[in-house]
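Take a look at the model first, then read on.

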Amino acid sequence: MASDKELADFLTSIERRAFKQTVYAVRDDDAALDIVQDAMIKLAEKYGDRPIAELTLLFQRILQNAMHDYFRRQKVRNTWVSLFSSFSNADDDEFDPLETIEGLEHKSGSESSEQKLEREQVLALIDKEIQKLPARQREAFLMRYWEDMDVAETAAAMGCSEGSVKTHCSRATHTLAVALKAKGITL
């Protein structure tokens, strides 16, 4: 069993290597720092009582899973944002599709009637397809990708395991992609 000091020494010894490894993988210093910190916290919380010899392999597995989660989250987020990219303003650094849509509704003459109708129809189709999802998939999908909650926060809010959240989100995104593609909406 690792003592608190041994655990702290272990985390200190791997900190820089883990950060560099993660930066090379995700190519974003801030995201890499968050991923490494989350992995260290998870190791300390869930496996801090393990023998010191086991911690290296456990930490590497946790770190790899955290990086995979980051890439999955980015892929899904980028897919949904690309759907709304035609609404974005080139001058904006931050883009929130919901704010943009609300702003467009209040502007007169910013788009043709045909464009407005098409946008409203696409958004209505997306909303309808989201509403068709099973309750747990819809709940997980909206928390993760619209509310931008992480897996742990979503799991805590839904009262289930992190694995269940990942499963629900995966099934929801697959179902939505198939349904929207069948209706001619490609992302």
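A residue counts as buried when its relative accessible area is under 20%, and as exposed when that area is over 50%. Anything in between is partly exposed. T22 has 0% relative accessibility, so T22 counts as buried. The model shown is a predicted one.

## The fold at a glance

The chain has eight helices and zero strands. Along the sequence the pattern reads α-α-α-α-α-α-α-α. The chain has 187 residues, and 32% of them count as buried.

Contacts reach across the sequence. Take those between residues at least 6 apart: 59% of them join residues at least 24 apart.

## T22 and L63

T22 sits in helix α1. Leaving aside residues up to four places away in sequence, T22 touches R27, A32, I35, V36, L63 and M67.

L63 belongs to helix α3. Is L63 buried or exposed? L63 is buried, at a relative accessible area of 0%. With residues up to four places away in sequence again left out, L63 touches A18, Q21, T22, I35, V36 and A39.

N65 is another residue of helix α3. N65 counts as partly exposed, with 35% relative accessibility. N65 and A39 are 26 residues apart along the chain, and 8.8 Å separates their C-alpha atoms.

## The loop residue R27

R27 lies in the loop between α1, residues 4-26, and α2. Most residues other than glycine have a negative phi. R27 is not glycine, but its phi is positive, near 60°. R27 is exposed, with a relative accessible area of 73%. R27 is also among the residues that T22 touches.

## Helix α7

Helix α7 spans residues 151-158, and its buried residues are V151, T154, A155 and M158. Why do these residues fall on the same side of α7? They cover an arc of only 100° around the axis, which puts them on that side. An α-helix has 3.6 residues a turn, so residues three or four places apart point the same way.

What do the buried residues of α7 pack against? Their partners are α6, residues 135-146, and α8, residues 162-182.

The ends of α7 have features of their own. D150 caps the N-terminal end: one of its side-chain oxygens lies 3.2 Å from the backbone nitrogen of A152. After α7 comes G159, with a positive phi near 70°.

## The largest pocket

Rolling a probe the size of a water molecule over the atoms shows where empty space is left. The largest pocket holds about 710 Å³ of space. Its lining has 27 residues, and the closest to the centre are D38, K42, A66, D69 and E162.

Which helix gives the largest share of the lining? That helix is α2, with ten residues. At least two lining residues come from each of α2 (29-47), α3, α7 and α8. By class, the lining of the largest pocket has 13 charged, twelve nonpolar and two polar residues.

## D69, a charged residue at the pocket

D69 is placed in helix α3, which covers residues 52-83. D69 is one of the residues closest to the centre of the largest pocket. D69 is buried, because its relative accessible area is 13%, and the cut-off is under 20%. The side chain of D69 makes a polar contact of 3.2 Å with the side chain of K166.

Note on methods: Residues numbered from 1 in each chain as written. Predicted model: local features only at pLDDT ≥ 70, side-chain atom pairs only at ≥ 80, totals over all residues. Heavy atoms only, no water. Buried < 20%, exposed > 50% of the residue type's maximum accessible area, 1.4 Å probe, protein only. Helix = DSSP H or I, 4+ residues; strand = E, 2+ residues; numbered from the N terminus. Arc of directions from axis to C-beta. Contact = heavy atoms within 4.5 Å. Polar contact = N/O pair within 3.5 Å; in protein donor to acceptor, adjacent residues only side chain to side chain. 1 Å grid on protein atoms, 1.4 Å probe; cavity = no way out; pocket = protein on both sides within 12 Å on 5 of 7 lines; lining within 4 Å. Points joined across faces, edges and corners; volume = space filled by probe spheres on them. Nonpolar A, V, L, I, M, F, W, Y, C, P; charged D, E, K, R; others polar.
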